[in-house]
Amino acid sequence: MKNLYLLLFILIAGCQSDVDKELKAGSWRLTLDLGNDNELPVLIETTKESQIILINDKERITVKDVMIKGDSITFQPPIFEGIFKGIFIDNKTIKGHFIKPSLDRVVPFNMQYGKPHRFKVGTEEASANITGKWETVFSPDNDADRYIALGIFNQNDQRVTGTFRTTTGDYRYLDGVIEGNQLKLSTFDGAHAFLFKATVTDSTINGTFYSGNHWQEPFTAQLNNDYELPDARELTYLKEGYEQLDFSFKDSDGTSISLSDSQFENKVVLVQLLGSWCPNCMEETQFYVDYLKSNPDTDVQVIGLAFEYARTEEKAFQSIERMKKQLQIPYPILLAQYGNVDKNIAQEKLPMLNHILSYPTTIYIDKNGKVRRIHTGFNGKATGDSYVKFKDDFYLYLDSLSAE
């Protein structure tokens, strides 16, 4: 894999001209080549300042880290490790690779200027309308990989938007089309590249979910507007005999921090299990940052425990510091694990928990140090009403803990 990175660098460097190219301002269509004729499209707007804005339905992700040298261009979405390295074929075409070094993943990409449509569609009208809630099962015939989800979709003519909620979080802002009985949805948030292709009726969806070019699985769904997922507050809990959480991990300065430190005495504490590679974690983190900014006098303390796939401690802390800078996180983020993000290994670091089912997971601790609630996953803004319900419940519950 290292030889591949070197080859890509040589190819890009070899194609550089003496004059730097310019990134045309306007609409672009970026496609990731997932193999086997599967193309994941993302809409992009570029500015005169050479900023790149990734568009997924209502979501806008601004990429400021853009460098152009000769015929080559590199750009890196905020927070995450993945980086695009490409070559200007002409002033309307860029080709290259999206690279995630720590995971040894390389995906070819192509950018075309003046392409304002996410998916190419013909004149065939949609034969079904999938607006509503869908009881969904991924990998239904594989007990090891099987998991449940709730699809939430809105359709307007051929266009479809929405997301899948799972017990570990949501699949972000999905955007796509139905042509005839064929559904296509995609999203790219800088870390996750998701593509869904399916055959639909008014009451069924059957298709395949692609995560980048490294994973695919079947899924099935049935229309069920009464369907709900298990309560996120009941999935993770303390083992019998435990009432408190106990840990000691280091921050980027090498200082060990634990819940017994004076800064957490007589305070309501949220312990957040997260990873800098995890978009749901980032959205939850932004939620906590906004809460603390809006409530400067709160006695609530937040502390993050990071589980990183970076191969070295140094690289892991670099990822953490990049995340803290990008999101302006005011609370400590400790490194709990690096080299992998295996949840079974992570649970060994916190053996009082029955399991770690999801990144993110948040543990609510009262002023006496007792664990009062554990919330698995995070329903982000793409989930609509679910996000609003979570936000309302969060504020009410923290107020009640603070008042004790």
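Glu 283 counts as buried, at 14% relative accessibility; buried here means under 20% relative accessible area, with exposed over 50% and partly exposed in between (1.4 Å probe, protein chains only). Glu 283 lies in helix H2. Not counting residues up to four places away in sequence, Glu 283 touches Arg 172, Phe 378, Gly 380 and Lys 381, where contact means heavy atoms within 4.5 Å. Helices (H or I, at least four residues) and strands (E, at least two) are DSSP runs, numbered from the N terminus.

A word on the model itself: it is predicted, so local features need pLDDT of at least 70 and side-chain atom pairs count only at pLDDT 80 or more, while totals for chains, interfaces and linings use all residues. Residues are numbered from 1 along each chain as its sequence is written, and side-chain values use heavy atoms, leaving out hydrogens and water.

Helix H2 leads us to the largest nonpolar core. A nonpolar core is a set of buried Ala, Val, Leu, Ile, Met, Phe, Trp, Tyr and Cys residues joined through side-chain atoms within 4.5 Å. Of the 62 residues in the largest one, Leu 245, Phe 247, Val 271 and Leu 305 touch the most other members. Elements giving two or more residues to this core include strand E21 (268-274), strand E22 (300-307) and helix H3 (313-327). H2 gives the most, with 7 residues. Leaving out residues up to four places away in sequence, the partners of Val 271 include Leu 245, Phe 247, Leu 305 and Ile 363. A second, separate core of 29 residues includes Leu 23, Leu 32, Ile 73 and Phe 98.

Leu 23 also turns up among the contacts of Thr 46, as do Trp 28 and Gln 51, setting aside neighbours within four places in sequence. Thr 46 is found in strand E2 (residues 38-46) and is buried, with a relative accessible area of 6%. The side chains of Thr 46 and Trp 28 are joined by a polar contact of 3.2 Å (a pair of N or O atoms within 3.5 Å; within protein, one must be able to donate a hydrogen and the other to accept it, and residues adjacent in sequence count only if both atoms are side-chain atoms).

On a 1 Å grid over the protein atoms alone, a cavity is a set of points where a 1.4 Å probe fits but cannot get out, and a pocket is an open set with protein on both sides within 12 Å along at least five of seven lines; lining residues have an atom within 4 Å of a point. Points are joined across faces, edges and corners, and a volume is the space filled by probe spheres set on them. In the table, Ala, Val, Leu, Ile, Met, Phe, Trp, Tyr, Cys and Pro count as nonpolar, Asp, Glu, Lys and Arg as charged, and the others, Gly among them, as polar.

| Space | Volume | Lining by class |
|---|---|---|
| Largest pocket | about 1,400 Å³ | 20 nonpolar, 13 polar, 8 charged residues |
| Second largest pocket | about 770 Å³ | 9 nonpolar, 9 polar, 11 charged residues |
| Largest cavity | about 70 Å³ | 4 nonpolar, 7 polar, 1 charged residues |

Of the 29 residues lining the second largest pocket, Arg 165, Thr 383, Asp 385, Ser 386 and Lys 389 are the closest to its centre. Arg 165 also lines the largest cavity, whose lining includes His 375 and Phe 378.
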